Amino acid sequence: MRYAVGHSIPRKESWAKVSGRAKYTGDLPAHGTFFARLLTSPYAHARILRIDTSGAESLEGVKAVITGSDCPWLFGIMIRDRPAIALNEVRYAGEPVAMVVAVDEATAELGVRAILVEYEPLPFVIKPSEALAEGAVLLHPQLAAYRKVVDEVYPEAGTNIASRYRIRKGDIKSAFSNCDVVVSARFFLPPSDHFAMEVRCAEAAITADGTVLVTTSSQSPYSVRQQLSDVFNIPAGKIRVNVPFVGGGFGGKSSVVLEILAYIASKKLGGKPVRLIISREQDMETAPCRIGLEADIKLGALRDGTLLAAEITYLVDCGAYSDIAPNMAKAIAVDCTGPYNIPNVSCDSLCVYTNHTFATAYRSFAHESQAFCIERAVDMVARKCGMCPLELRLKNAIRSGDYTPTQVLCTPSIIGDLPQCIEKVKLLSNWNGGKPMAVGPNKVRAMGISCLWKTENPPTDAISGALVTFNSDGSLYLNTGVAEIGSGGKTHLAQILAETLKIDAGQVHVISQVDTALSPEHWKTVASFTEYMAGNAVYRAAQDILNQLRANGAEAFKCSADEIEVENGRVYRRGNPSSYIEFKDIVGGYKAQDGSSLGEPVLGRGGFMLKGLTALDKNTGRGRTGPAWTVGAQVVEIEADLKDFSYRILSASSVIDVGAVINPELMRSVVAGGMAMGMSMASREAFFYDEKGLLKTPNLRTYKLMHIGQEPDYRVGFVETPEDGSPYGVRPYSEHGIIGIPAALANALSAAFGKEITSLPLTPEMLWRLWVEGMR
Amino acid sequence: MIPANFIYIRPDCLSQAAIAFAQMQKEGRAPLYYGGGSEIITMARAGSISPGAVIDIKSIPECNVLGLSGDKLIIGAAVTLSTIKESRLFPLLGTACGRISDHTNQCRITLGGNLCGTIIYREASLPLMLSDAELLLYGPEGAKICAFNTIFNRRMQLKPGEFVVQVHIPATAINLPYIHVKKAAQEKMDYPLVNVTALRVGEEIRVAFSGFGSYPFRDFEVERALNDRGNSPKSRLDAAMAILSQQAHTDSEGSGAYRVFVLRNILEGMLEEWR
């Protein structure tokens, strides 16, 4: 019998959100708070010759104007390469150049508009291939002198390469010579934005005793604490980071940017509270975006479709600063082939600096971009072999007993069941063999398929924790360091706790905010790792509670703890369930009928540290970066107009091996959300830059997102191959709905128009251009 | 957030509006007449304009008229796009208004505001270009009536202090057959990549464009080519496109070459429908 797992309970935060009462960072009361606004660079790359702040300083109400010369520090989570405010040089349009702090937001903005800056434009590079070309301008001539924060990052001095990772498995040279079919293709994906509904916001203050208080819309409160502590030499115990609800993160709020600026501003004002408010436009252009990607893919196969060899180059376009992008280059090297058993692999994955907005993690950590390239190439192989693209994928799907590119031996726990996902999505989507079907004059319907896989790339020693306290009614409070970013993670944790304690999930209350002073550290709310990492901590806290309840029960029932059962909020002696003590009477210790006190109050705690992960061998990439993989298969069906190149997405189907379904409706909606995000990104979202290196689509008038009414029929199915060592076997899943969607959509459109698509976004004009080029 | 303070004036009659404008201008406040405000608010927020005063014309009775009067349909400049659409008085203009922005904004944007805005599309102008419409203007010298096509050349050519009070459309034009095709880059609700608006007066086709060039226009040469019934539809189309192709505009919505492709498809469909 299941008590909580497998039940579709509403999210714990639903009522606060649907009633509009949930409070986000920018909603909090601002009594006595000062406000900061940013002036940003209008150049992609330029020397700052002069900044005249006198106009701002003379405004009544302006308290401080801060420029790069006030901020000598460098920041970065892998390489310390990024100033808080540009000093002497700007490396992207949108980079902070000055910050004005004033009594209110309007005065701060008027101050920003009164600052005069003189620039000398410098040559710039926008695409990674340009940045690697002979004679390209260097963004960071001093690259070798920067401090490395982690071991696995390899900046190459005298170049624009922030890091490089190599995968070598088997022997591609001889393998390609044995192939009947070889396809090669070059891919280009522009960067784009996360576009969380809540614009980033941060506030900082310093108390009289020197404690730094930060409130922020962050996925990484403990990383905020760490970075402020490291760079400013503040003891971590003197930093307290508070995260209220976060209005969507998608990875974009895992980077620490605004918090640093808010701290600098507060420090300048003697510790007074300062809230940094940025516009939607700055959220797009100043705060980090999604990576771009260029790729060269060569795949070799036998005539029967068996994949033998892959030679791959990925150029991850990280923009002006590295942030976490080197780790994304590593992550897509680890998963470079897609979920296929390819015995011979050579992959070089580079992270390259360019003069545009820097990038950070984006839902699925670059796998949506990597999958686009590989899955398009796999379709090209299928076309050359004359095979159904679904059947070719089924034939090559990675299985237990195969080795991954980094030479991890697959077991069912490690790799799940991709063949079953493919079989299931075939039914769910009414797969038609992948051939376009005419449905009217100039109108065709076509389907595209993509598989997906992803493992994680956390620090090998990342940790999580859970604390559980009881209320006098016997209900519980669950306290973790997980930020609620909209993926329902805290609801899943409540269900894991309830299931383990054999109670209804309604008895578990969650603390929705994170306060680093009160909540146990959780690495970051990223990588879909809430259920695995925090879930394990919660599971252990539940075991801890059960042990304490049994001890109390043993005293109350005068028996051994082994004989005590805990179920349905009751404690009783095995074999005698009708004589029970309710939680409310025993969680605070037990008061016997004669008034004597027995046992102790119950306080649950659980901690979890990742185990068994390794760094990658620098030459071969051999190693294990994550505990297991999550695999899946996705299909998109479109109706295309062959005359005007417009199209409509009719349906999108996903089957993901989630290990175990904790909350069916929640999981379905999170996967569908990922699919929607993938369709919007792939069909219309892009950061393109003009001949001056400026963003062509810097606001919501020009940057397009999919709207309600444009969405297709979403179909979501699950496979459940449990992962060992994960609570109830659940696998990371919350990012994964996005991964294969851009590729599946492009595969459908390639089939419909008979053209091999190699770039995004998939606009009618792009399809028309392919057709025009084909006519030449 | 609009950071700078400004004066808000809401006059009750035409003369008060003109007087307020003159006064604000004298004080160096660079005043703007204000209809629905959607453009002024967003541009002031972005810092591209900073008016020291706005004069809201929505309380002036003449600016809120909507109805047939004698042989004319009269629409006040402060009437919103959604009201025009729902009135069904001029189906072509209603269709055009119903495709500008989204419903929320259509409830705010006024006809005068769309015509006088700085965003290049001004799609409500196309039906007026085709229907022999007139404008009632008011300014420092009082009221005057002008042909729409003499005042609207790429954009409204108003004198300082002048504003649009009403649009007058001949009743004979409002129920003529029309074609309205708006193609955006990818969305249903968006700026036009190409908007083709056509009206048929007897056998004569009148046609105007927005989005295709960097301003809305009607071109008599193009109409002559399209109406040359001596020629086949294909050669009429070729002749029209030869004139039009030069005007194709490139921006983040699409390239000029793609606009030419899209426009040709639309005109081809129009000639087929009105064979």
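Reply: Start with a backbone angle: just after α7(A), G270(A) has a positive phi of about 70 degrees. Helices here are DSSP runs of H or I with at least four residues, strands are runs of E with at least two, and both are numbered from the N terminus. This is a predicted model, in which local features need pLDDT of at least 70, side-chain atom pairs count only at pLDDT 80 or more, and totals for chains, interfaces and linings use all residues. Residues are numbered from 1 along each chain as its sequence is written, while chains are lettered from A and ligands numbered from 1 in the order in which they are written.

Me: How do I read the setting of helix α7 of chain A?

Reply: Count neighbours: a residue is buried if 20 or more other C-beta atoms lie within 10 Å of its own, exposed if 12 or fewer, and partly exposed in between, with C-beta atoms placed from the backbone. Helix α7 (residues 258–268) of chain A has 10 of its 11 residues buried, so the rest of the structure largely encloses it. Among the buried ones are L258(A), E259(A), Y263(A) and K268(A). As a general point, an α-helix has 3.6 residues a turn, so residues three or four places apart point the same way.

Me: What does chain A look like as a whole, in helices and strands?

Reply: Chain A has 19 helices and 32 strands. Its radius of gyration is 27 Å, close to the 28 Å that the globule rule gives for 776 residues, so chain A is as compact as a globular protein of that length. The radius is taken over C-alpha atoms, and the rule is 2.2 Å times the number of residues to the power 0.38. Along the principal axes, the C-alpha atoms fill a box of roughly 95 × 75 × 50 Å. Of the 776 residues, 60% count as buried.

Me: Which strands form the open sheet of 8 in chain A, and in what order?

Reply: Two strands pair if DSSP finds at least two bridges between them. The order is β3-β7-β1-β14-β11-β12-β13-β23 (chain A), with mixed pairing. At the edges are β3 (62–67) and β23 (514–515) of chain A, each pairing on one side only. Within the sheet, β1 (residues 34–40) and β7 (residues 96–102) of chain A are antiparallel over 6 bridges, and L39(A) has A98(A) in β7(A) as its bridge partner. Helix α3 (residues 105–113) of chain A packs on the sheet, touching β1, β3, β7 and β14 (274–277) of chain A, and makes about 25 degrees with the direction of β1(A). Such angles run from 0 to 180 degrees between N-to-C directions, with axes fitted as lines to C-alpha atoms, for helices over the stretch in contact.

Me: How many residues of domain 2 of chain A are in contact with domain 3 of chain A?

Reply: Contact means that the C-beta atoms of two residues, placed from the backbone, lie within 7 Å. By that test, 20 residues of domain 2 of chain A are in contact with 22 residues of domain 3 of chain A. Helix α8 (residues 280–285) of chain A gives the most to the domain 2 side, with 4 residues. The domain bounds come from an automatic or database domain assignment, and the centres of these two domains, taken over C-alpha atoms, are 36 Å apart.

Me: Which helix gives the most to the side of chain A that touches chain B?

Reply: Helix α3(A) does, with 5 residues. Across this interface, 18 residues of chain A are in contact with 13 residues of chain B. The chain A side has 4 nonpolar, 5 polar and 9 charged residues. Here Ala, Val, Leu, Ile, Met, Phe, Trp, Tyr, Cys and Pro count as nonpolar, Asp, Glu, Lys and Arg as charged, and the others, Gly among them, as polar. Chain B itself has 11 helices and 14 strands, and 45% of its 275 residues are buried.
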